[in-house]
Amino acid sequence: MAELFRQLPPAAFVSTPLTCSRGWTRGMPPPPSVGALLFASYKTYIGTPWERPSSTKHRLLTGSFSKNFFKRKFLLRTSLKASAVPIEENALFEEANTPSVPTESEDATVREYVSALEESGEPHVAIVQSDSQVLDNGLGKSNSKSRRELFLRDSGSTTVAVHGGEQKRQGKKARAILDAITMPIVQSSTFTFRSSSDCIAYNQGQYDSFEYGRYGNPTTRAAEEKIMMLEEAEDALLSASGMNSVTTMLLALLSPNECLVTTRDCYRRTRQFLQTILPRMNIQTIVVDPADTASVEAALKRGARLFFSEMPTNPLIRVIDAESIIQLCRRYGTICCIDSTFATAYNLKPLCMGADLVLHSGTKYLGGHNDLMCGVLAGKKEFLEKIRSLHGILGGVVDPHSSYLLLRGMKTLPLRMRAHNENAAALAQVLSQHPKIAKVHYPSLSSHPDYSVAKTQFKNGFGGVLSFEIRGDPFGMETFAAGIRFVDGLSIPHIGPSLGGVESLVEQVCVMGYFDQPQRVRRELGITNGLIRFSCGVEDKTDLLNDVLQALEAV
Ligand SMILES: *Cc1c(COP(=O)(O)O)cnc(C)c1O
């Protein structure tokens, strides 16, 4: 039997990339149509140098399919129509809605295969079996040791060094993995198949597993599934960083000559991508004030393909009227994606409000401990499929260890968010009444420009990040120095970029994130010399308040 495998020309196993058509890529969720899948997989085997299957090879092929073959034969038949789409290696870029019709070459080959099968009249026996079955049958007796184990017993030291003690597919170690209370970190770049028939079933979408780390990983998928539940999303996709999610999403959903709408206050690197990279593809960005819903509508009327905004925005904690904008997007057929990094699903669920996609820098609140980097996209399957296909090509993959940390972090997301919300609201309240503070940017305050819009849209609070401005000439040297005295006078928060972790972080924006930006640019964006961004951690509220008050005394 093993001999039979050896006889197979290698080409028989390497033609699978041709089957990645109709918007489906291996390792990614299979397409819905079983009929179409079947053609893909048959082609895998049949698109080989053989003119016509000989009877031994024929049996082998038959064996692979015997279980369900007859059940499906009628499906093959009914779908065998002379047709249309030529196969191309880059079929991935075909529109996902290309009809699932067999190609002419598939048609002919499958016809030939089916008729050869009928002519032979041979019994169709399953001869592709797992290691242990092969062993049992081969020796004619039951034996608990697999073929692999027996083989290793007689192998050289290097073979043993490579394979000894490694993962078994049954027994205590395999069970313990399933019984572990936490999702194990599956630190594996590739996933193997017990047999070729499993591999075929996998490609047919009938054997649920993973194939290669760039297309998915069990630990990562567990995190994605937790996100799907938190966001009430049809699907989710993790990537290496929030920026990777932003760039992959934009590249996947926008085509040359299209345009998108975004808000002025925005994560700096997102703006940079919109302003410097997308124009190379002739993709233009219309920038509006977060409160300017009328301009959003005007842009959508002009045919903008995508609306993309943070909510709240960074660093001025502005809030768009998402409810109205989502309705407008629906009316004009515009894709709506909300970066809700600052809010998280605890405070805001854009998908439940009707948005198509929600994006997070998982580096921030979702991870929650300043110890990982990842990006999250969740939402409608049709968009996630497009993005996942491109993600498999661009390759911004999150590593399984980070996925594990994310899973662990998200377990306490509501507990942490409660503390973040409470700390920021308390700090905003105290600072808004402090004589040395000119302005506080936080939507719980009635002085905030988006106060009334924010109140109706957020469920539990506005997140842990607030910003505020030290009193003085907004772009004067003394205000700059006062900001530095304040930041350096604090004891609890660390000085650093980022946000969303259990540790409080503080930055004077013009010294940190916008250090390299000329004042002209900062004036346009409202980044004054005394603008402080404060990311409240989960420390005790009174400790944070006391620390901020004592540091203000030095200002
Ligand atoms: C941090 C951040 C990003 C980028 O995420 P990374 O994980 O740092 O790549 C995008 N959007 C917002 C609102 C962010 O705060």
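**Figure 1. The buried residues of helix α13 and what covers them.** In this predicted model, helix α13 has five residues to look for in its buried set: Arg 268, Thr 270, Arg 271, Phe 273 and Leu 274.

**Figure 2. The packing of helix α12 against helix α13.** Helix α12 spans residues 242–253 and helix α13 spans residues 268–277. Their axes lie 10 Å apart and meet at an angle of about 30°. Angles under 35 degrees count as roughly parallel, and α12 and α13 are therefore described as roughly parallel to each other. The crossing of α12 past α13 is right-handed. On the α12 side, the contact is made by Met 243, Val 246, Thr 247, Leu 250 and Leu 251. Helix α13 brings Arg 269, Thr 270, Phe 273 and Leu 274 to the contact. Sorted by class, this contact has 6 nonpolar, 2 polar and 1 charged residues.

Figure 3. Follow the chain out of strand β4 towards helix α15 (322–332), and you will find Pro 312 in the loop between them. A cis peptide bond joins Met 311 to Pro 312, with omega about -10°. Pro 315 is also found in the loop between β4 and α15. The bond between Asn 314 and Pro 315 is cis as well, and its omega is about 5°.

**Figure 4. Thr 293 in helix α14.** Helix α14 covers residues 293–301, and Thr 293 lies in it. Buried means under 20% relative accessible area, so Thr 293 counts as buried with its value of 18%. Setting aside neighbours within four places in sequence, Thr 293 is in contact with Asp 321, Ser 324, Ile 325 and Leu 328.

**Figure 5. Leu 490 and its contacts.** Leu 490 sits in the loop between helix α21 (477–489) and strand β10 (494–495). With a relative accessibility of 10%, Leu 490 counts as buried. Once neighbours within four places in sequence are left out, Leu 490 is in contact with Val 506, Phe 534, Asp 547, Val 548, Gln 550 and Ala 551. Take a look at Asn 546 too: its C-alpha atom is separated from that of Leu 490 by 9.8 Å, while the two residues are 56 residues apart along the chain.

**Figure 6. Two residues with positive phi.** Glu 232, in the loop between helix α11 (218–231) and strand β1 (235–239), has a phi near 55°, a positive value in a residue other than glycine. Thr 344 also has a positive phi, near 65°. Thr 344 is found in helix α16, which runs over residues 344–347. With a relative accessible area of 0%, Thr 344 is buried.

**Figure 7. The chain as a setting for the close-ups.** The chain has 23 helices and 12 strands. Of its 555 residues, 50% count as buried. Among contacts between residues at least 6 apart in sequence, 74% join residues at least 24 apart. The chain exposes about 25,600 Å², and carbon and sulfur atoms supply 54% of this area.

Technical notes: Residues are numbered from 1 along each chain as its sequence is written. This is a predicted model: local features need pLDDT of at least 70, side-chain atom pairs count only at pLDDT 80 or more; totals for chains, interfaces and linings use all residues. Side-chain values use heavy atoms; hydrogens and water are left out. Helices (H or I, at least four residues) and strands (E, at least two) are DSSP runs, numbered from the N terminus. Buried means under 20% relative accessible area, exposed over 50%, partly exposed in between (1.4 Å probe, protein chains only). Contact means heavy atoms within 4.5 Å. Accessible areas come from the Shrake-Rupley method with a 1.4 Å probe; for residues, only the protein chains shown count as cover. Axes are lines fitted to C-alpha atoms, for helices over the stretch in contact, and angles run from 0 to 180 degrees between N-to-C directions. Angles under 35 degrees count as roughly parallel, over 145 as roughly antiparallel, 65 to 115 as roughly perpendicular and the rest as oblique. A crossing is left-handed if the near helix is turned anticlockwise from the far one by less than a right angle, and right-handed if clockwise. Ala, Val, Leu, Ile, Met, Phe, Trp, Tyr, Cys and Pro count as nonpolar, Asp, Glu, Lys and Arg as charged, and the others, Gly among them, as polar.
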